[in-house]
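Dear colleague,

Please find the structure below, followed by a summary of what was found in it.

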Amino acid sequence: MGWLQRAKSKYQTDRAAGRPTLILGIETSCDETSAAVIRGGREILSNIVSSQVEIHQKFGGVVPEVASRRHVENVAIVVQEALDKAGVGLDDLSAVAVTYGPGLVGALLVGVTAAKSIAYARSLPLVGVHHIAGHIYANFLGGGMEPPLVALVVSGGHTELIYMPQHGRFEFLGRTRDDAAGEAYDKVARAMGLPYPGGPAIDRLAHVGDPEKIVFPRAWLEEGSLDFSFSGLKSAVMNALHNAKQRGERLDPADVAAAFQASVVDVLTEKTVLAVRRTGVTNVVVAGGVAANRGLRDKLQERAGQEGFSVLFPPLSLCTDNAAMIAAAAHPFYEKGWFHNLDLNAYASLPLTQWEAGPFVDLAK
Ligand code: KG4
Ligand code: ZN
């Protein structure tokens, strides 16, 4: 019997027996090697994250080739740790979920290959997961909100407003036309001589600075647009730093950080408010590394209170890349019986709409 038949029979037997769903998630899209075990799509039994940040700090950013090599060294160890911590063996699992895009293709391939090997060896169904869907699903771990909702996705590679009418369905409302919010944080931090990743460092400084000493532009774009642009802001900060240096002056880094953060947070918050008004939803979730930002959390909570919608941020540990969110995003597909075949590949760029459309094999029938 081929793998597909074995996986199908395993799926149908597990469903018929009403066994609790245990999904192993694997995430290697950037610089964290992570594996997690999730029960029932919501409950984290383990979530191991091995960060390479110290290695990449030396280079001021992620070096793709270095990242891939570290994933190769780490992935089997991290998966074993996730299983041990959850107290389960490979044969207890219901399915394997893995990030297959978007991200660094060499890094993604390590996770995809590991997941396919486990799926093949243990006759487990396989679900390829979109990285951004994973970030959104970090909000559903431990309960929380249900669709319909608007998701503000703000990471190192993405800045998007997404309407999610139901589980596993995504419609784009707006996206960045140039830099992602996290990327702007990282580039500005670098220009200010702060360590990589720049987001946390700027966030800390911003809280002791005066956001009104310097005023940076806010890119609202055309009236009613839900798109973003951060490259003009990034240039404005760099120019201000450069001009001050030319004049032999020194701008207080805390004031620069506060003014930069105020500009980013204002635009992210007001566009989210606009997206809520336009779609008529009452729930907003925030996702991605920048969801850890304290300035954004405070401002969006304040505006949500005024506008009468609820906003949910993942716990800080689930804002950055982790495998628990990947396993959680796979759960609705498990429920439907929709899986990927062993020809699953890794993609540097992968639209969310392409992910939700498949190709899937239906193991429920
Ligand atoms: O989602 P993530 O871990 O990786 C990607 O998929 O991109 O996001 C990483 C990004 C980095 O750009 C980092 O600077 C930013 O999230 N970040 C923050 C904060 N913590 C992380 N940005 C602003 N404020 C923070 N507190
Ligand atoms: Zn991410």
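How many residue pairs are in polar contact between domain 1 and domain 2? The count is four, with both residues of a pair at pLDDT 80 or more; a polar contact is a pair of N or O atoms within 3.5 Å, one able to donate a hydrogen and the other to accept it, and residues adjacent in sequence count only if both atoms are side-chain atoms.

This is a predicted model, in which local features need pLDDT of at least 70, side-chain atom pairs count only at pLDDT 80 or more, and totals for chains, interfaces and linings use all residues. Residues are numbered from 1 along each chain as its sequence is written, chains are lettered from A and ligands numbered from 1 in the order written, and side-chain values use heavy atoms, without hydrogens and water.

Domain 1 covers 3-137 + 320-362 and domain 2 covers 147-313, with bounds from an automatic or database domain assignment. Their centres, taken over C-alpha atoms, are 29 Å apart.

In contact (heavy atoms within 4.5 Å) are 20 residues of domain 1 and 18 residues of domain 2. The buried area (accessible area, 1.4 Å probe, lost on putting the two parts together, summed over both) is about 1,600 Å², and carbon and sulfur atoms give 67% of it. Ile132, Ile136 and Glu356 supply 32% of what domain 1 buries against domain 2, more than any other three residues.

One salt bridge is counted between the domains. Glu356 and Arg169 meet through their side chains in a salt bridge at 3.2 Å, N to O (the cut-off is a side-chain nitrogen of Lys or Arg within 4 Å of a carboxyl oxygen of Asp or Glu).

Yours sincerely
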